[in-house]
There are 10 protein chains.
Amino acid sequence: MNKLEMTQAIMVAKENKQLQWEKIAEVIGMSTVWTTSACLGMNSMPAEKARALCELLELPAEVKTALEAYPIKNWDESVPKDPLIYRLYEIVGVYGPTLKEVIQEKFGDGIMSAIDFNMSVEREHDPKGDRVVVTMNGKFLPYKAW
Amino acid sequence: MNKLEMTQAIMVAKENKQLQWEKIAEVIGMSTVWTTSACLGMNSMPAEKARALCELLELPAEVKTALEAYPIKNWDESVPKDPLIYRLYEIVGVYGPTLKEVIQEKFGDGIMSAIDFNMSVEREHDPKGDRVVVTMNGKFLPYKAW
Amino acid sequence: MNKLEMTQAIMVAKENKQLQWEKIAEVIGMSTVWTTSACLGMNSMPAEKARALCELLELPAEVKTALEAYPIKNWDESVPKDPLIYRLYEIVGVYGPTLKEVIQEKFGDGIMSAIDFNMSVEREHDPKGDRVVVTMNGKFLPYKAW
Amino acid sequence: MNKLEMTQAIMVAKENKQLQWEKIAEVIGMSTVWTTSACLGMNSMPAEKARALCELLELPAEVKTALEAYPIKNWDESVPKDPLIYRLYEIVGVYGPTLKEVIQEKFGDGIMSAIDFNMSVEREHDPKGDRVVVTMNGKFLPYKAW
Amino acid sequence: MNKLEMTQAIMVAKENKQLQWEKIAEVIGMSTVWTTSACLGMNSMPAEKARALCELLELPAEVKTALEAYPIKNWDESVPKDPLIYRLYEIVGVYGPTLKEVIQEKFGDGIMSAIDFNMSVEREHDPKGDRVVVTMNGKFLPYKAW
Amino acid sequence: MNKLEMTQAIMVAKENKQLQWEKIAEVIGMSTVWTTSACLGMNSMPAEKARALCELLELPAEVKTALEAYPIKNWDESVPKDPLIYRLYEIVGVYGPTLKEVIQEKFGDGIMSAIDFNMSVEREHDPKGDRVVVTMNGKFLPYKAW
Amino acid sequence: MNKLEMTQAIMVAKENKQLQWEKIAEVIGMSTVWTTSACLGMNSMPAEKARALCELLELPAEVKTALEAYPIKNWDESVPKDPLIYRLYEIVGVYGPTLKEVIQEKFGDGIMSAIDFNMSVEREHDPKGDRVVVTMNGKFLPYKAW
Amino acid sequence: MNKLEMTQAIMVAKENKQLQWEKIAEVIGMSTVWTTSACLGMNSMPAEKARALCELLELPAEVKTALEAYPIKNWDESVPKDPLIYRLYEIVGVYGPTLKEVIQEKFGDGIMSAIDFNMSVEREHDPKGDRVVVTMNGKFLPYKAW
Amino acid sequence: MNKLEMTQAIMVAKENKQLQWEKIAEVIGMSTVWTTSACLGMNSMPAEKARALCELLELPAEVKTALEAYPIKNWDESVPKDPLIYRLYEIVGVYGPTLKEVIQEKFGDGIMSAIDFNMSVEREHDPKGDRVVVTMNGKFLPYKAW
Amino acid sequence: MNKLEMTQAIMVAKENKQLQWEKIAEVIGMSTVWTTSACLGMNSMPAEKARALCELLELPAEVKTALEAYPIKNWDESVPKDPLIYRLYEIVGVYGPTLKEVIQEKFGDGIMSAIDFNMSVEREHDPKGDRVVVTMNGKFLPYKAW
């Protein structure tokens with residue numbers, strides 16, 4: 001069973017049981033974003049987490065094996081088109097050089113890791129319309145001279 | 001004076017006065033990220049903010065005019081190459097569909113605005129290496145049926 | 001049933017019943033453009049509208065479920081090739097900077113939303129050949145400073 | 001004087017005289033969108049209109065000549081990046097096949113001309129936030145069999 | 001039956017009956033180029049022509065329906081590779097600006113329509129090697145000012 | 001003097017003398033399309049033709065030398081954007097496979113040469129709007145087996 | 001049977017009979033390169049050659065028909081990636097302008113035909129390592145003025 | 001002096017002295033193709049050859065230095081457009097897989113080197129039109145297992 | 001059996017037998033990197049190595065045949081997206097010109113062969129986090145003048 | 001002074017003093033690869049190293065400032081064309097998935113850092129032709145679950 005079939009199996013089970021990502025994540029004791037990304041095939045799950053998820057969703061052992069596999073992280077569109085994802089891409093385009101200026105001023109020459117990294121999404125209530133708050137948290141990695 | 005020349009003038013003045021973006025932002029009473037992005041030509045400044053910035057950096061009136069101009073927001077590389085900016089692009093690629101799942105589960109069918117939007121960068125101290133925390137905050141916009 | 005299969009099922013039923021988009025839209029009490037776009041998989045339908053549409057076209061429950069699903073809005077061709085759609089693309093290319101000038105002069109720095117948005121198509125009779133009138137109506141979203 | 005230099009000359013004069021596109025268009029007796037597009041180099045102006053515009057803005061004869069020249073209509077970005085223009089591109093991507101369905105249902109096999117074409121922009125007041133209304137009006141051209 | 005399957009059915013029947021495009025076109029009373037393009041799925045056929053073609057080739061009703069359907073005109077290769085088609089592309093690249101100069105000198109600012117358009121291919125005998133003569137005939141569409 | 005400077009010199013002289021391509025071609029005894037393409041830098045001129053053209057336009061010897069030089073035939077846009085030239089590209093996309101079918105049916109396996117080639121443009125009067133007639137004439141080159 | 005299936009059938013038969021391209025070509029009385037290219041679907045075979053090849057490889061009549069069909073010459077990668085083929089592409093990139101200089105100096109303004117063309121591959125023994133010798137032979141086609 | 005300026009200096013001197021590449025190559029005792037490619041900046045010249053060339057063309061020492069410099073071998077167009085160079089690209093596309101089959105059948109798994117490589121161009125007289133003969137000669141490099 | 005099916009068969013057998021690439025390579029007496037690349041279809045295996053591998057993994061003869069076949073070395077993504085592979089691509093982008101400077105300073109004008117080439121991966125223990133050491137070893141190939 | 005001008009100044013001084021990268025690196029007490037990359041503008045130099053380099057090469061203070069600046073790491077060609085650099089790109093394409101298999105087998109799910117990274121180039125003497133040995137050494141970064 002490959003990652004694509006794994007995702008489809010999880011989606012069907014999630015729909016049938018009427019579970020939300022937030023609930024699934026809570027049950028297996030991990031964050032919502034990471035749990036979702038592993039179910040979409042973009043992260044590998046430690047064995048005990050994969051077991052807990054398969055128990056909750058009553059999925060067979062091959063889903064567990066697929067969840068543990070190390071993924072090839074790929075995406076189809078160099079420039080994404082779905083409006084929700086495009087807006088994130090646009091933010092990187094518009095604010096990328098700004099973030100480079102501000103991060104390197106605070107930390108020196110280096111980058112924010114996308115590997116030693118986590119992310120969360122929260123809902124902020126606002127009378128003019130609720131707001132999405134996305135927080136990215138990555139280790140600063142300084143360039144080394146040698 | 002176009003936005004490019006404006007940015008160069010600001011960079012030289014900032015270097016000469018040994019000011020940081022954080023300090024400049026504080027003086028004009030705005031956030032660091034927004035102030036930097038306006039100075040890099042990616043946002044327009046209200047007149048009073050542009051005036052305050054030009055006073056602080058002792059820059060002529062044409063810089064003020066250029067800061068107030070509505071920018072054409074453009075970027076050269078569809079897929080960015082600088083490692084710091086590429087990591088942000090990679091995060092959008094790896095986690096974009098995850099964010100779509102999680103945001104639409106929490107809010108319904110719609111997007112996070114990149115226009116009614118703000119962003120901040122913080123330093124989180126960590127004994128295993130300090131961490132960069134980037135927070136994005138955008139209004140949720142639901143799709144309307146008509 | 002995915003959105004693609006849903007569209008095919010609707011197309012076959014529409015053909016068999018000899019119904020037009022305009023009529024279908026009228027029956028479910030929505031506009032022609034929005035109804036068509038939801039049937040082509042580019043918008044999600046509220047439950048009662050999906051039910052009305054499936055009753056009219058005598059389609060099974062899984063079509064209703066597919067109509068309600070939040071779509072991934074994607075398109076194959078970065079530059080469209082079908083002449084009717086290419087002409088729209090060409091209009092954006094030729095008149096895009098003009099619209100930016102005119103909209104920002106009228107409203108200030110910001111954009112026309114493509115989310116809080118609706119569109120209609122009308123036929124204008126003209127002795128020299130009838131004309132297509134496309135009206136786009138989107139909320140103005142001003143850039144916020146922070 | 002090429003079209004680029006012409007646009008720059010007009011922009012400076014317009015700024016100095018504090019004139020808006022709407023006013024300029026009114027004085028020369030043409031629509032705002034068309035007048036702006038001709039000043040941005042995307043349409044050629046009839047001699048009398050070019051003369052009126054140069055008189056209003058006190059511009060020399062070579063601007064008039066450049067306004068009359070037949071333009072090469074070109075644009076830099078196959079996929080535009082400025083958010084205001086990208087939203088228009090996104091609308092073509094999301095609603096292009098819908099418009100093809102609806103237009104061809106109303107008119108038969110053919111296209112909306114982008115040549116025998118005009119466009120306008122209006123402001124619609126709305127308590128929840130004003131709206132941009134863009135109207136495109138093009139002659140329907142049926143495919144001919146031969 | 002989609003256009004692709006329709007083309008395959010026509011090709012098989014044409015091969016079996018050893019008919020040429022020129023003969024098929026003559027029987028249905030249309031030109032060779034247009035008839036071929038409709039059979040390749042790039043134009044829609046009026047009902048009586050589709051009926052005549054299906055009678056000649058002894059093809060079922062679903063081919064007739066497919067011939068009448070309005071096509072999505074698309075092509076796989078932005079830059080074609082087959083040498084015969086590439087040469088046509090090369091001619092557009094090499095002579096495109098020349099044709100713009102010559103057509104606009106003769107007709108004013110505008111274009112040759114690709115919709116109100118027809119085309120023919122003839123064989124010209126020549127002792128040094130026969131020649132292909134392709135004639136394109138399209139309505140001139142002037143740009144309108146408004 | 002390179003081809004680009006040559007074209008600019010010719011354009012200025014042509015404008016000053018109020019000559020049309022058709023007239024220039026007639027004077028040097030060549031066709032309008034070929035003469036224009038050579039002046040735009042896409043063909044090399046035999047010495048006597050270059051001399052005649054420079055005499056007519058009163059241009060210096062270096063223009064003559066540039067006209068005789070063998071050009072590098074290049075064009076900027078893989079997919080052209082100017083509407084007049086795009087329509088020609090669209091015709092190649094829509095009718096390319098049709099022309100391959102028809103030409104190879106008439107001539108056998110091979111191509112129409114774009115080198116041993118000529119082209120003309122004529123105006124066809126028509127009460128419903130005049131028409132552009134473009135004729136391409138190229139030697140048929142059969143593929144050789146060896 | 002399409003060209004792809006034809007190639008697969010030939011490859012299997014060739015493997016089973018342990019025949020080399022050179023031998024196959026010799027038996028049908030054609031060159032190795034041309035015979036291989038026809039078997040890979042990039043050239044059409046005259047009937048008698050196709051018959052001889054099918055007899056040698058004991059292939060059915062539909063392979064013969066497929067060999068005679070006029071091919072659509074296409075290739076997947078605009079820039080090839082297999083190292084053997086990339087090196088040929090690199091040679092065109094590095095030496096293309098050199099060949100243009102040298103050929104046009106020897107022959108005048110024109111090209112080497114890729115249609116009236118043949119090619120061979122030989123092995124040259126060399127104590128420092130044997131060498132591949134590829135010879136391309138194409139008719140010179142001069143540009144015609146008209 | 002960079003390679004581009006070097007090429008321009010050589011071109012002017014060659015034109016003034018009315019020398020051909022073949023003659024220049026003969027005088028410095030190298031092949032025509034290699035000499036031309038070095039003058040176009042695509043190969044580095046040994047010191048004595050650079051000296052001989054500069055003496056012949058009466059060029060200053062900085063040209064000699066530029067000729068000796070190791071070039072960055074680059075080319076502008078991933079898919080070349082000039083017809084003479086495109087035909088070479090087309091040959092690689094059409095015959096690339098054929099050459100892979102034939103070379104690997106003769107030599108085993110490996111490639112023809114584009115580094116330990118030479119090339120020549122000859123004119124073959126033919127009553128039906130003279131022919132260009134291009135010969136490429138590269139060392140066979142077998143893949144090594146380790 | 002093609003290379004893709006071969007890889008899948010090897011992966012399943014490797015998983016079932018719980019063997020690592022390092023162990024497989026040791027058994028057949030080759031390096032880990034080369035063995036893995038041959039199993040992924042990017043190198044051809046000599047017969048005795050393919051036999052040993054199939055014995056170890058208990059795979060049928062058709063896997064052995066597929067391992068011996070000469071591969072078409074291709075990859076899907078011109079710019080790879082998986083983070084592990086992208087980092088290697090980034091290193092080529094950031095350090096490519098540096099390696100050109102350093103290699104050509106040490107060796108003269110030429111390249112490092114990617115054909116007469118081998119590579120290894122080692123783990124270097126480090127208290128601050130273990131390190132990956134990749135060693136590439138390719139024959140220097142000097143450019144030849146001719 | 002930007003990085004580009006800095007590189008040019010260093011190149012001229014290095015040429016005049018006839019120094020090699022290896023020697024320059026030795027004098028400032030850093031590795032050859034890192035020193036070269038900083039001089040080519042792809043790494044920032046600590047102040048004392050920049051001072052030492054400018055003293056050695058007798059370069060002014062603005063070169064020192066430019067060496068210390070944090071670079072924007074960019075490269076022109078998504079797919080490099082210079083043969084030496086292309087071979088490195090080809091190695092990533094051919095062996096990328098192999099390295100992913102081998103590294104993740106040795107280390108678990110994660111990547112080799114391109115930031116906490118160093119590289120060296122050595123010459124290996126070999127009677128069949130000397131070899132280039134490139135060693136890349138990067139910290140392993142495991143993906144974190146959260």
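A salt bridge is a side-chain nitrogen of Lys or Arg within 4 Å of a carboxyl oxygen of Asp or Glu. The model is predicted: local features need pLDDT of at least 70, side-chain atom pairs count only at pLDDT 80 or more, and totals for chains, interfaces and linings use all residues. Residues are numbered from 1 along each chain as its sequence is written, chains are lettered from A and ligands numbered from 1 in the order in which they are written, and side-chain values use heavy atoms, with hydrogens and water left out.

**View 1. G:E105 forms a salt bridge with H:K14.** The closest N and O atoms are 3.7 Å apart. The pair crosses between chains, from helix α6 (residues 83-107) of chain G to helix α1 (residues 3-17) of chain H. Helices (H or I, at least four residues) and strands (E, at least two) are DSSP runs, numbered from the N terminus. H:K14 is buried, at 13% relative accessibility. Buried means under 20% relative accessible area, exposed over 50%, partly exposed in between (1.4 Å probe, protein chains only).

**View 2. B:K144 and C:D116 meet in a salt bridge.** N to O is 2.9 Å. This pair also crosses between chains: B:K144 lies in the segment after β2 (131-142) of chain B, C:D116 in strand β1 (residues 110-124) of chain C. B:K144 is partly exposed at 36%; C:D116 is buried at 13%.

**View 3. A:D130 and A:R123 pair through their side chains.** Their salt bridge has an N to O distance of 2.9 Å. A:D130 is buried, with 17% relative accessibility. A:R123 is partly exposed, with 35%.
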